[in-house]
Amino acid sequence: MDIRREFDDWQNHEQGLDVMGGSLSAFTFLCIIVLITTLGLVMLYSASYNEALIHNLPHYYFFSRQLMFVLLALAASLVIRFIPLSFLKALSYPVLVVSILLLLMTLFTPFGQERLGSRRWLQIGSLPSLQPSEFAKIAIILFYATYHQKDRSTESSIRRFGVPILVSLVITALIFAQRDYSSALLFLALCFALLLASGFKLGHLLVLLSFLAAPALVAMFSQSYRVKRVFSFLFPSLDPVGMNYQVSNSLKAIKAGGLFGVGLGNGQYKLGLLPEVQSDFIFASICEEIGFVGSAFILIFFAMIAILGYNAASRMQSRDRFLSISAFGLTSMILFQAILNLAVVTALLPPTGIPLPFFSQGGTNLFVVLCSSALLYRILLISSGKIPLSQAR
């Protein structure tokens, strides 16, 4: 009876929706993830082989490491596909605690590793290094979804949102203390999106932002290099070979690609002209090699992920708040990260250390993005009726 009721509810709910929001949404999403992950591996190899050779490493070094995390994510995705939602909800609070402990370990134990001025990596024995801030993103999404899975509209705003806001600020402060300012900004933006998805009023959010504005400005101007970065962004001619060197060459690489690109593997800016090309600025190398047309497909893929994800969140809003908030948060996490990276590469924002999802070198980020995509895929299966909600629970 429960399965039949779920089917009837789904059938009534889906009437009038288009194909993109209907039964084909999950399959479409899966195809996009497979295509964009495969393309990401190809473009990473093309962008990174020269960097590997410079450091006397095999030409496939960065590619093989990235592929390892893809395979790990594939194994994790199989678990995510079949894990009961009740178990996932029960794990949300322990996962949050573990993520905070990992952030503390990174800051205050010898396991924390400092690279490029940031103490954001955790190295335990011979295991691959990881970035706890990446796991904190999934942890906070599951926490918000579990905390607000029941309707709390009768409670006061302080009771409904006080705990989530406090937890969000604590984790943001820990990430900020690692001198990982771009990740702290991205995490805070994700928390704002989760607050809105949980029912927090926009006016209240603006008040909260006004209280955070002063500390943010103090933090921004507390270090001279951050002041330089902001002024270099506002006045590029002040430091064309310093702070603006990467962005300047990024724009040149994009322009060199033209409409159809110079051909896969034939890019020149990855050969030393564009530092960190396999990481933060990989999109510039992509534009150079496959041109505007090829890179436009990547933008379309991200847009489709956003459309499908937010549609799933909307469809599940009246059926399961946990899945609705989860879908909204997971989609926002991927989309915000992509937008921030692309804005930096195209000189719309000052340089930050945010990778491009599915493409940039960075195993932890790719693992988290793919696991998030696996959970989002499952939510799409439920929202489109492929998996009855009662069975998923």
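**Close-up views of the predicted model**

**View 1. Surroundings of Ile140 in the predicted model.** Outside the four places on either side of Ile140 in sequence, the residues in contact with Ile140 are Leu96, Val167, Ser168, Ile171, Phe187, Leu190, Cys191 and Leu194. Ile140 and Ile171 both belong to the largest nonpolar core, and both are among the members that touch the most others.

**View 2. The largest nonpolar core, with 93 residues.** The members touching the most other members are Ile140, Ile171, Leu195, Phe302, Phe358 and Phe359. In soluble globular proteins, nonpolar side chains tend to be buried together. Across the protein, 48% of the 393 residues count as buried.

**View 3. Helix 2 against helix 13.** Helix 2 covers residues 25-54 and helix 13 covers residues 363-383. Their axes come within 8 Å, with a crossing angle of roughly 165 degrees. An angle over 145 degrees counts as roughly antiparallel, and the two helices are therefore roughly antiparallel to each other. The crossing of helix 2 and helix 13 is left-handed. On helix 2 the contact is made by Ser25, Ala26, Phe29, Leu30, Ile33 and Thr37. Helix 13 contributes Leu370, Ser373, Leu376, Tyr377, Leu380 and Leu381.

**View 4. The whole protein, for orientation.** The secondary structure consists of 14 helices and two strands. Among contacts with a separation of 6 or more, 71% join residues 24 or more positions apart.

Definitions and conventions:
Residues are numbered from 1 along each chain as its sequence is written. This is a predicted model: local features need pLDDT of at least 70, side-chain atom pairs count only at pLDDT 80 or more; totals for chains, interfaces and linings use all residues. Side-chain values use heavy atoms; hydrogens and water are left out. Helices (H or I, at least four residues) and strands (E, at least two) are DSSP runs, numbered from the N terminus. Buried means under 20% relative accessible area, exposed over 50%, partly exposed in between (1.4 Å probe, protein chains only). Contact means heavy atoms within 4.5 Å. A nonpolar core is a set of buried Ala, Val, Leu, Ile, Met, Phe, Trp, Tyr and Cys residues joined through side-chain atoms within 4.5 Å. Axes are lines fitted to C-alpha atoms, for helices over the stretch in contact, and angles run from 0 to 180 degrees between N-to-C directions. Angles under 35 degrees count as roughly parallel, over 145 as roughly antiparallel, 65 to 115 as roughly perpendicular and the rest as oblique. A crossing is left-handed if the near helix is turned anticlockwise from the far one by less than a right angle, and right-handed if clockwise.
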